[in-house]
Amino acid sequence: MKQEKFKVINFIRELILYIDSNLDNFPKKDIELKNRIRNNSYNLLELAYKANVKTNQEEKRNLLEEIVAKVKIIDFLLNLCYEKQIINSKKYVKFGEKMDDILKYTLGWIKSINEK
């Protein structure tokens, strides 16, 4: 199970790095959208670290559920970027793959908690 936790954190770190390197050509009018994506991704990392150190399983599950919600918010924001043609389909798909990895391992983490 420890490996799963660190995989989630590593996937989030990869997402943050990808966001930083691929969201640099934002129009000034949409800079708030970029900031929200970036802030939510850092919040994901914070939630994952908090969940990693919690011993209370209910608190841990709540934090992991927040991670799932944040990933869905980021997905929504990135979808807006795609619809506004700020990012192309190739970047959108790559973002989706990174977020799918985060979701898959977070949901696995939640499942392992529920089985206890």
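View 1. D30 counts as buried at 7% relative accessibility, where buried means under 20% relative accessible area, exposed over 50% and partly exposed in between, with a 1.4 Å probe and protein chains only. This is a predicted model, in which local features need pLDDT of at least 70 and side-chain atom pairs count only at pLDDT 80 or more, whereas totals for chains, interfaces and linings use all residues. Residues are numbered from 1 along each chain as its sequence is written, and side-chain values use heavy atoms, with hydrogens and water left out. D30 forms a salt bridge with K84, the closest N and O atoms being 2.9 Å apart; a salt bridge is a side-chain nitrogen of Lys or Arg within 4 Å of a carboxyl oxygen of Asp or Glu. The pair links distant parts of the chain, 54 residues apart, with D30 in the loop between helix 1 and helix 2 and K84 in the loop between helix 3 and helix 4 (89-114). Helices are DSSP runs of H or I with at least four residues, strands are runs of E with at least two, and both are numbered from the N terminus. K84, with a relative accessible area of 46%, is partly exposed.

**View 2. The salt bridge between R38 and D20.** In this pair the closest N and O atoms of R38 and D20 are 3.0 Å apart.

**View 3. The N-terminal end of helix 3.** N56 caps this end of helix 3, a side-chain oxygen lying 2.9 Å from the backbone nitrogen of E58. E58 also forms a salt bridge with R61, for which the closest N and O atoms are 2.6 Å apart. Both E58 and R61 lie in helix 3, 3 residues apart, which is about one turn of the helix. E58 is partly exposed at 41% relative accessibility, whereas R61 counts as buried at 18%.

**View 4. Helix 3 along its length.** Helix 3 (residues 57-83) has 27 residues and reaches 39 Å from its first C-alpha to its last, close to the 39 Å expected at 1.5 Å a residue, a span calculated as 1.5 Å times one less than the number of residues. Its buried residues include L63, L64, I67, V68, I74 and C81. Helix 3 is followed by Q85, whose phi is positive, near 60°.

Notes
Polar contact = N/O pair within 3.5 Å; in protein donor to acceptor, adjacent residues only side chain to side chain.
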